[in-house]
Amino acid sequence: MRVLPSGSAAVLVELDDLAAVLGLYAALADASPDGVLDVVPAARTVLLAFDPAVTTADAVGEAVRRTTPRPSASGTGEVVELPVRYDGEDLAELAGLLDVPPDEVVRRHTQTEWTVAFGGFAPGFGYLVQPGGNWDVPRRSTPRTRVPAGSVALAGEFSGVYPRESPGGWQLIGRTDVAVLDLDREPAALLRPGVRVRFVDAG
Amino acid sequence: MTLTVLAAGPLTTVQDTGRIGQAALGIGRSGACDRGSAALANRLVGNAADAAVLEVTYGGLAVRAEADLTVVTTGARCAGATAHNAPVRLRAGELLRLGAPVSGLRTYLGVRGGIDVPAVLGSRATDVLSGLGPPVVHDGDVLPVGAASLPLPDVDLAPVPDPPGGGVTVRVLPGPRADWFGDAGWARLVGQQWQVTSESNRVGLRLDGEPIDRVRTGELPSEGMVRGALQVPPSGLPVLFLADSPVTGGYPVIGYVRDDPRRSDVDRCAQLQPGQTVRFSV
């Protein structure tokens, strides 16, 4: 673990891999150090934004070093089920790239649970990982300017659901009617880090 | 109680202290770009710190009070401003008009009771990057004003300096990826005057100057960042993140402008007009 400086109001903790991020984030999300306003996991890092009127970078860094990470992949226990129509525009082409039939892509996508690792691309967007999934999906060479809301997509080792219409370069494999971001719902975002996700083939 | 917007000017938004604690959901903080000036506006009219104000970019706002209202402007002093750092009583039907700023970029209009539009995800801040929050203010909007909660302070005038024109020097700290640029990169960051370009907005100040070169290659996995970050994209020209910056970014952060309580250099940067220059000092 390396604690890197990030200005007057944040520290950035760099870890060896995503599993270590998930473990540290799970522990910090439960019990943030005093004065910490936001804990932001990412692929290799956890950022802690704090109120400099309340605490200091040194104190926050020290509290992080004393934090015992949770065993990774345990998630929060909460499970979200997302019915998906696997009729995405890129499904056939992606199956060809992976050298499997389209049904096999669907089977692998639905067979085991995913876990929300982190967010960041847009409000309510979660980067989902599937333990043992071994996905390695290339991004589209030309990103789409408009990806419809509810699109279920793959890129690299991640799956995701577009909360709102937006540009995007991920491979689209299907679509869900579940609103992963609903500003009038509490909580507004379904795909919070640590939440487990089960994709179900809705035919 | 309401306030009618006769002219919104180039860009006026509703802002408060922003959305805190939701960054892990990809929801950035947003809020006033010059937090200190927005907080001062609220204090001067006896509002709670999280009350919403109007952030007026490059002046041009005209509003009419539809009831007796206590108002104040802070931040960039606009031509014709009659209530700058000094609260005044607007009678029902009276107008407040702001010309262009004499210096500085963002003026805050505080109204006793606060701008009482519906909150989105716990805040009334308009985030121009994500689109969250109330819509941008338009000509003809009628903005609700809330009920006053605190006593009016006994202050006629807050003696604060106006944002400066011309060249400005702000303090910088090394960032998490300063090593991607080496000593030469750091020397280039702190060794020149950067010009604020007209592509700047609430997301960030885009700076022009001699580009900063990387000493290492490869891609950085996206990581969390906060305002004040000096992110260096492949062009080598830094972007200084402001209120509506994204929660994570994929370009290395060479340094952070200091954002200390009561003395925020990020607030000062939020007042820079395009064409002004900024120098970073250690």
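The model is predicted.

Chain B and chain A together bury about 2,400 Å². Carbon and sulfur atoms account for 65% of that area. Chain B gives 31 residues to the contact, and chain A gives 35 residues. One salt bridge crosses the interface. It joins B:Arg177 to A:Glu14, with the closest N and O atoms 2.8 Å apart. Three elements of chain B each give two or more residues to the side that touches chain A: strand E10 (167-174), strand E13 (223-224) and strand E18 (259-260). By class, this side of chain B holds 17 nonpolar, eight polar and six charged residues. Nine residue pairs are in polar contact across the interface of chain B and chain A, both residues being at pLDDT 80 or more.

A:Ser8 sits in the loop between strand E1 (2-5) and strand E2 (10-14) of chain A. Its relative accessibility is 13%, so A:Ser8 counts as buried. Beyond its neighbours within four places in sequence, A:Ser8 contacts A:Phe50 and A:Pro52 in chain A. From chain B, its contacts are B:Leu173, B:Arg258, B:Asp259 and B:Asp260. Two of these residues approach polar atoms of the A:Ser8 side chain. The backbone nitrogen of B:Asp259 lies 2.8 Å from one such atom. The side chain of B:Asp260 makes a polar contact with the side chain of A:Ser8 at 3.1 Å.

B:Asp259 also takes part in a salt bridge within chain B. Its side chain meets that of B:Arg35, with an N to O distance of 4.0 Å.

Chain B is assigned two domains, domain 1 (2-144) and domain 2 (168-281). Their centres, taken over C-alpha atoms, are 27 Å apart. Domain 1 of chain B gives 29 residues to the contact, and domain 2 of chain B gives 16 residues. The two domains of chain B bury about 1,600 Å² between them, with 49% on carbon and sulfur atoms. B:Cys33, B:Arg106 and B:Leu129 supply 32% of the area that domain 1 buries against domain 2, more than any other three residues.

Two salt bridges link domain 1 and domain 2 of chain B. The polar contacts between these domains number 15 residue pairs, both residues being at pLDDT 80 or more. On the domain 1 side, strand E2 (11-15), helix H1 (35-44) and strand E8 (106-111) of chain B each supply at least two residues. H1(B) gives the largest share, three residues. By class, this side of domain 1 has eleven nonpolar, twelve polar and six charged residues.

Definitions and conventions: Residues are numbered from 1 along each chain as its sequence is written. Chains are lettered from A and ligands numbered from 1 in the order in which they are written. This is a predicted model: local features need pLDDT of at least 70, side-chain atom pairs count only at pLDDT 80 or more; totals for chains, interfaces and linings use all residues. Side-chain values use heavy atoms; hydrogens and water are left out. Helices (H or I, at least four residues) and strands (E, at least two) are DSSP runs, numbered from the N terminus. Buried means under 20% relative accessible area, exposed over 50%, partly exposed in between (1.4 Å probe, protein chains only). A polar contact is a pair of N or O atoms within 3.5 Å; within protein, one must be able to donate a hydrogen and the other to accept it, and residues adjacent in sequence count only if both atoms are side-chain atoms. Contact means heavy atoms within 4.5 Å. Buried area is the accessible area (1.4 Å probe) that two parts lose on being put together, summed over both. Ala, Val, Leu, Ile, Met, Phe, Trp, Tyr, Cys and Pro count as nonpolar, Asp, Glu, Lys and Arg as charged, and the others, Gly among them, as polar. Domain bounds come from an automatic or database domain assignment.
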